[in-house]
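Here are some exercises to work through with the sequence and the model side by side. Try each task before you read its solution.

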Amino acid sequence: SKKREGEKSQRGEKPIAVNIFVLTSSTSTKKNTKTGDWGQMYYGANHPMKPHRIVMAHHLVLGYGLHKAGLDVFTPRRAAGAEIAQFHSSDYVDFLSKVTPESANRQSAQAALARFNLNEDCPPFPGLWDFCASYAAASIQGAVRLNHGLCDVAINWAGGLHHAKKAEASGFCYVNDLVLAILELLKYNAR
């Protein structure tokens, strides 16, 4: 706030300028302040994970005008399977990219569902792969921008799905975007 900045100046401290990069979902690839896809993801009626909350958080930022205070809001691209396979096994990535609620109901899919831990905690739902590829790319893009000094803070409203393991879903998480972001950060920053 301006009052706090003034107080810092009176004490001889400089206000801190922070460039914040926010990634949000939309069907557009241009810089924007709209959300869309992530709010449409639906784990199921009785499931505690509610991706529409991502959109609600973003709308609060917009509603209070916080995006006008130095936030750069961008739509993430979709991560390619090869990017996601930097941490996850290629057979798991391939399965995630193809599974649908319809294919999961087939008897032939039951062994793969069990192997990759898709169950009531981590159900296959319409748009699952797009959701995973989008939130993974958002965290990777944030890390790239941090690596290149293009921002001081990167926020991915859908990020932090860190329970996913190398070859299985876990704890409502399918792709571990945090590991993917850390791998990106390690390209430029020592451990």
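**Exercise 1. Find which residues form a nonpolar patch on the surface, and state their accessible area together.**

Step 1. The patch consists of Leu178, Ile182, Leu183 and Leu186. Patches are made of residues with over 30% relative accessible area and no salt bridge, where like charges are joined within 9 Å and nonpolar side chains (Val, Leu, Ile, Met, Phe, Trp, Tyr) within 5 Å. A salt bridge is a side-chain nitrogen of Lys or Arg within 4 Å of a carboxyl oxygen of Asp or Glu.

Step 2. Together these four residues have about 300 Å² of accessible area, by the Shrake-Rupley method with a 1.4 Å probe, where for residues only the protein chains shown count as cover.

Step 3. Now take Leu186, in the segment after helix H9 (177–185). Helices (H or I, at least four residues) and strands (E, at least two) are DSSP runs, numbered from the N terminus. Leu186 has a relative accessible area of 39%, so it counts as partly exposed; the scale is buried under 20%, exposed over 50% and partly exposed in between (1.4 Å probe, protein chains only).

A note before you go on: this is a predicted model, in which local features need pLDDT of at least 70 and side-chain atom pairs count only at pLDDT 80 or more, while totals for chains, interfaces and linings use all residues. Residues are numbered from 1 along each chain as its sequence is written, and side-chain values use heavy atoms, with hydrogens and water left out.

**Exercise 2. Locate salt bridges and say how exposed their partners are.**

Step 1. The structure holds 5 salt bridges. One of them joins the side chains of Asp94 and Lys98, at 3.1 Å from N to O.

Step 2. Why are Asp94 and Lys98 separated by about one helical turn? They sit 4 residues apart in helix H5 (residues 90–98). An α-helix has 3.6 residues a turn, so residues three or four places apart point the same way. Asp94 is partly exposed at 37% relative accessibility, and Lys98 is exposed at 55%.

Step 3. Look next at Glu184 and Lys187, whose side chains meet in a salt bridge of 2.9 Å, N to O. Glu184 is buried at 10% relative accessibility, whereas Lys187 is exposed at 51%.

Step 4. Finish with Lys165 and Glu168, a salt bridge with its closest N and O atoms 3.7 Å apart. Lys165 is partly exposed at 43%, and Glu168 is partly exposed at 24%.

**Exercise 3. Describe the largest nonpolar core and what H8 gives to it.**

Step 1. This core has 33 residues. A nonpolar core is a set of buried Ala, Val, Leu, Ile, Met, Phe, Trp, Tyr and Cys residues joined through side-chain atoms within 4.5 Å. Among the residues with the most contacts inside it are Ile84, Leu96, Leu128 and Tyr135.

Step 2. H5 and helix H8 (128–147) each supply at least two residues, and H8 gives the most, with 9.

Step 3. H8 is mostly covered, with 17 of its 20 residues buried.

Step 4. Not counting residues up to four places away in sequence, Ile84 touches several residues, including Val93, Trp129 and Val175; contact means heavy atoms within 4.5 Å.
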